[in-house]
There are 2 protein chains.
Amino acid sequence: MATIRDVAKTAGVSIATVSRVFNGNTAVNEDTALQVWAAASALDYWPNGAARSLTTSRSNTLGVLLPDLFGDFFSEVIRGIDQLAKREKYQTLVSGSHASVEDVLTATRAMRGRIDGLVMMAPDSITVESVAKIRRRLPVVLISPPFAVDGCSSVSVASFSGARAVVAHLVGLGHREIAMVAGPAGNVDAEERLRGYRRGLLEAGIQPRDELVVQGDFRESSGYAAAAALLDRRPRPTAVFAANDCMAIGLMSALGNAGLSVPNDVAVVGFDNITMAQYMRPPLTTVHVDAYALGQKAVRLMLDALSDPEGEKVTVQTIDVVLKVRSSCGARPAAAANALTGPETSQQR
Amino acid sequence: MATIRDVAKTAGVSIATVSRVFNGNTAVNEDTALQVWAAASALDYWPNGAARSLTTSRSNTLGVLLPDLFGDFFSEVIRGIDQLAKREKYQTLVSGSHASVEDVLTATRAMRGRIDGLVMMAPDSITVESVAKIRRRLPVVLISPPFAVDGCSSVSVASFSGARAVVAHLVGLGHREIAMVAGPAGNVDAEERLRGYRRGLLEAGIQPRDELVVQGDFRESSGYAAAAALLDRRPRPTAVFAANDCMAIGLMSALGNAGLSVPNDVAVVGFDNITMAQYMRPPLTTVHVDAYALGQKAVRLMLDALSDPEGEKVTVQTIDVVLKVRSSCGARPAAAANALTGPETSQQR
DNA sequence: TTGTAAGCGTTATCAA
DNA sequence: TTGATAACGCTTACAA
């Protein structure tokens, strides 16, 4: 493989000149530059990234740490991260399925010297200490952290307010027996949604009852399983709020199998507004979360951190959410009138 | 940040010894090693990956190039890649949304020196030349390539045979007017599924007709849109085969909105068996593709290539698929009997 | 505008 | 079993 030295020799210049041509910051004689380009392409020269980052101590690479859970929502977040990073000439070194803190630390350590910053999506199981440890060497941006960490910018989802809005809407439709399929314990968004659900009930003068909350794990199967438990309750809940769309979809499937109609017998609401949601029968009422933007904002914060000399500018952001009323909750949204015309137009980016 | 030199100084040994301790291949006196470990942890020393790969010319990192399309299927593939890579102590440098060949080349070039091999998922728009160019410097494994490339191992999906099986099944149920929502032109899997559909018809003595094929793009919205075109056909198709599940789901949604019942008025079959498929109402008949295994196999082939001295061992694999009969096609699968018991058990890995 | 040469933080080859 | 020391391929003062 050709190195900078080969190019220099072929072009009849010094390696410094070749470097200058490739980095384009220092002035180089036009003819010389042309010769260098010619030599480089003749030799099919690709600069070595490792060597470059060794000298500059910059890698133009962002580390991305993902949780063990996957699916439509996270794909979108990653897409947001990847696209903005790419546009800003950053590469992404991804490492997925991190369950434990030790895991995260190991993965990060392995990235040492190859990343300029770390975007960490870890809605649960972060300890302040481990992140703080990483933070000493690298800028860290957290997505949906369970709590704020000193010196780390972060972006979160307005889970609490979204959940409250869901309950308020259901109450407005006349529901009083509102059940919930909760997300995994320890997950911030799951817990915030549960908290929002309870608050919403209280605000409507309804006492939240634990037996109306079924534990799920954000997967379709747990939503499906939740149906059985819920249908045993007397009086039977007239509405169920699932902490995410996947569980809502599993739930609807189970309700259908049990011979119940959504929304006539039971209203169902989800959270996230994954692409599928609008194509369900009935279309799923949910809380729209712009996952793509979530990823993008994280990268934006990282870029800020990287250009911040002293790393003192810490930003804590929250992504707003909006209730998307469709028919699974039994309301008749205005949009339903032209349902035959076409699906909701989806934004392409 | 502490370097190997700091550790050496603190431990009172040479840097060579520290390196030996950290790499664990050469024999080191036990006491010396202990001192080194102590010094390293006191200084919180992390070896620098860039420096390491500069000397060893190995990065223990796999480059992963993704297409512009995303969704449940691809997430699974990536999960497969990531998990096996991680288990084998490799990191993954991911770059998504590559539309053009130039794009791919640029991305790869940027990875030069930081990756040991490249896993490329590019079902369309690869030119042999560009891959060949990359191949000269790095092992390359292709996922679902449009055609075989010299010197590259690859894994593909048995799209053709899966599609044939779908048609055979529909014909077996008595359907003759079978339409198709095709995938994007240029995409191998889309084209193989279309070819399998036509072959299947021919084998049943039915002449394929172009007006029964509607162009889609693998997204839900295009499946939704296809419904309108299909419902205009006279005689109206009694069954529709969508080239993937997302489009099938969009299609079912549109059919429902048009007041048609699936499967009574129109049978629908998809492809991929994404998680959602079984939770549709009715549950979607589809062709199961083990996306996770697809990703894993690609990494396995890459590991083979990396341990292969001369890079001569090229393997071309195909992932088998299996028709998963549920109720959207109108058959009454045995499984439907216990539908009330629970969802199909999903494999966790 | 160009070249020389000193690093960057490792690993690996010799000797000791 | 250890230690010097020369790479690895690049960037960047500093000199010319």
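I began with helix α8 of chain A, residues 159–172, which has 14 residues and reaches 20 Å from its first C-alpha to its last, close to the 20 Å expected at 1.5 Å a residue. I note at the outset that the model is predicted.

I then looked up burial along this helix. In α8(A), I found S159(A), F160(A), G162(A), A163(A) and R164(A) buried, together with V166(A), V167(A), H169(A) and L170(A). Just after α8(A), I recorded a positive phi of about 105 degrees at G174(A).

**Relation of the two copies**

The same surface serves both copies, since 100% of the contact residues of chain A recur in chain B.

**Contact between chains A and B**

I next listed the contact, to which chain A gives 51 residues and chain B gives 51 residues. On the side of chain A that touches chain B, the elements giving two or more residues are α4, α5 (72–87), β2 (91–98), α6 (101–111), α10 (220–232) and α11 (245–257) of chain A. Which of them gives the most? I found that β2(A) does, with seven residues. By class, I counted 20 nonpolar, 21 polar and ten charged residues on this side of chain A.

I followed β2(A) across to the other chain. Three bridges join β2(A) to strand β2 of chain B, residues 91–98, and the two run antiparallel. Within this pairing, I saw L93(A) standing opposite L93(B) in β2(B).

**Surface near DNA strand C**

I found 26 residues surrounding DNA strand C, the closest being A16(A), A27(A), N29(A), I4(B) and S19(B). The elements giving two or more residues to this surface are α2 (15–23) and α4 (49–56) of chain A, and α2 (15–23) and α4 (49–56) of chain B. By class, I recorded 13 nonpolar, twelve polar and one charged residues near DNA strand C.

**Surface near DNA strand D**

Which element supplies the largest share of the surface near DNA strand D? I noted α2(A), with six residues. By class, I recorded 13 nonpolar, twelve polar and two charged residues near DNA strand D.

How values were computed:
Residues are numbered from 1 along each chain as its sequence is written. Chains are lettered from A and ligands numbered from 1 in the order in which they are written. This is a predicted model: local features need pLDDT of at least 70, side-chain atom pairs count only at pLDDT 80 or more; totals for chains, interfaces and linings use all residues. A residue is near a molecule or strand if its C-beta atom, placed from the backbone, lies within 6 Å of it. Helices (H or I, at least four residues) and strands (E, at least two) are DSSP runs, numbered from the N terminus. Ala, Val, Leu, Ile, Met, Phe, Trp, Tyr, Cys and Pro count as nonpolar, Asp, Glu, Lys and Arg as charged, and the others, Gly among them, as polar. Two residues are in contact if their C-beta atoms, placed from the backbone, lie within 7 Å. Two strands pair if DSSP finds at least two bridges between them. The expected span of a helix is 1.5 Å times one less than its number of residues. A residue is buried if 20 or more other C-beta atoms lie within 10 Å of its own, exposed if 12 or fewer, and partly exposed in between; C-beta atoms are placed from the backbone.
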